[in-house]
Amino acid sequence: MTHSRASRFHRLKGSRGVVNSRKLEALDILEPLREVRDGYLISLNIGTPSQVIQVYMDTGSDLTWVPCGNLSFDCINCDDYRTSNRMTSTFSPSRSSSAVRDLCTSAFCTDIHSSDNSYDPCAAAGCSLTTLVNGNCPRPCPLFSYTYGEGGLVVGALTRDVIRVHGSTSPNATRQISGFCFGCVGSTYREPIGIAGFGKGSLSLLSQLGLLRKAFSYCFLPFKYANNPNITSPLVIGDLAMASKDSLQFTPLLKNPLYPNSYYIGLKAISVSNSTSSTSIEASSNLSEFDAYGNGGMLIDSGTTYTHLPKPLYSDLLSKIQSLMMMQPRAQDFEKRTGFDLCYSLPCLSNSSSADDHELLPSLTFHFIGNVNLTLPKENYFYAMAAPSNSRIVKCFLIQIMDDEDYGPAGVFGSFQQQNVQVVYDLEEDRIGFQLMECASSAASLGLHRT
C-alpha cells in the first residue's frame, strides 16, 4: 500500500489532434483487467504467432508500448519491481512474422516526435531531399522518447503488427486488427511495465480501433482482489458500455484546448459528514477550468493510484476529518512509515479488517459539475495497513496532496478511489458517468469470475 504509481499523464509534450483509423465491424469488446497493487493490467495479444504482454491500462496517455527484447530490455531505477518479481514478459519482434518498423513518413511517426512539420522525422532519419519532397523515403521512424508526468521516460522504436481483441459474445471470440502501431521499448526510466494508452490521441488504442466516438467503461475491483487469478475487472468498449446509462450520473468532459487528448472533469466541492454533522468544502475554480497555458481541471486517470488534490482543498479536508475523528488515537508510527498524513488506530470488535469501524469513519462525497454527487465507499479512502491486532486495526487516509498544482492538472482522480464504481466514458456525448457498483458481481455477470 505504500507504493503507488505516479501520474502517467503524458503532459511534457504537445498534444496533436485526433486521427481516426479503420473501424471494427463488431462494436463491443470485453477485456479482463487484472488487478495488481498499483494499477490494472490488460493483456495485449500481439504478433504472429501471438505473444501475450501484460501492460497497465492508462487513460492518462495515448501511446501503447511494450517492453521489447528478452535480455536487452533495461529498466533504470526499477529495483522495487525486480525484487518483488513483478517485471512482465517482453515482446520479441524477431519472433513475429508480421512485425515491421513504422516508416518515417507515417503520421504516427510525426505524432510521436511532436512535430508540426511532417518532414522532420524523415530528415532526422537521413532521407535525401528528393525522397523528402516526394514523400517516399523508405527509412524507419527514428527512435522516440516519451515522457510521463512524474519523471518516467521510455525510449523505443515505433512498430506495426497484428493485435487481437476479445469480443463480448464469447471469451474465446477474438478479432484481428492489422497494422496496429505501438512502441517497442528497449529502455526505460522508472517504467518497468508497458502501458496501453486510452487517451484521445491518434496513437491511442481506442483511436486505432476506430472507436473514439463510442464509449468504454470499467469497474475496478477492490484492492482485496489484487493478484487473485480467479476474478478480473471488466473493461467494455463499444455500445455495451452504455447499457446502464439510465442509472448513471453524468458529468461533462471539460475541453482543454492545449491538451485535448486527456479526460478532465470539474470538481466543485467535497462534503465530509458523520452521523451528527456535515460540511461542504468548496473547491477552487482551477479544479473546473483552465488557464491560458492549459493548467487546471481534474484529470481522471486510471494510471494514477491515489487521488491528488491541491494544497488548500487537501488541507481543509484533512482538518475536517481530524475534527470528526478527534476521539480516535492517531497511529503516528504508521504515518512515518507509509508517508500518509492521517492514520488512525480503530477498534475492531471482530477479527475483521472492515466490519466494525465504518461508523467511526466520516463519509466523503465528491461533487462534480452537473449536480453529480459521488459518495465513495469508505474502503476507497481509509484502508487497513495491517492485520487486526489486540482488537484494533490501523487505517490510513489514501488521498494525497498535489506536488505541483501550478503546472498540469489542478487535481487527479485516481484509480483507488474509483474502486467499486462503474465509470463510463461516453465519447459521443463528451461526458463521464458514475454509479456505485459491486464490481465483483459485474465481473461474474460478464463471465470474468472463475470458480
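Analyst: Helices (H or I, at least four residues) and strands (E, at least two) are DSSP runs, numbered from the N terminus. This is a predicted model, in which local features need pLDDT of at least 70, side-chain atom pairs count only at pLDDT 80 or more, and totals for chains, interfaces and linings use all residues. Residues are numbered from 1 along each chain as its sequence is written, and side-chain values use heavy atoms, with hydrogens and water left out.

Four strands make up an open sheet in the order S16-S15-S20-S21, with antiparallel pairing (two strands pair if DSSP finds at least two bridges between them). At the edges lie strand S16 (278-282) and strand S21 (372-375), each of which pairs on one side only. From one strand to the next, the twist averages 20°. Within this sheet, strand S15 (residues 267-273) and strand S20 (residues 363-368) run antiparallel and are joined by six bridges, and Ser273 has Ser363 in S20 as its bridge partner. Helix H6 packs on the sheet, where it touches S15, S16 and S20 (contact means heavy atoms within 4.5 Å).

Helix H6 itself covers residues 311-324, which makes 14 residues. Its buried residues are Leu313, Tyr314, Leu317, Leu318, Lys320, Ile321 and Leu324, where buried means under 20% relative accessible area, exposed over 50%, and partly exposed in between (1.4 Å probe, protein chains only). These residues lie on the same side of H6, because they cover an arc of only 165° around the axis (an arc of the directions from the helix axis to the C-beta atoms). On the face of H6 turned away from its buried side, the exposed residues are Lys311 and Pro312.

Leaving out residues up to four places away in sequence, Ala283 touches Leu267, Lys268, Ala269 and Leu313. Of these, Leu313 is among the buried residues of H6, while S15 covers residues 267-273. Ala283 counts as buried because its relative accessible area is 9%. The C-alpha atoms of Ala283 and Ile270 are 7.3 Å apart, although the two residues are separated by 13 residues along the chain.

Key
Expected span 1.5 Å × (residues − 1). Axes fitted to C-alpha atoms, helices over the stretch in contact; angles between N-to-C directions.
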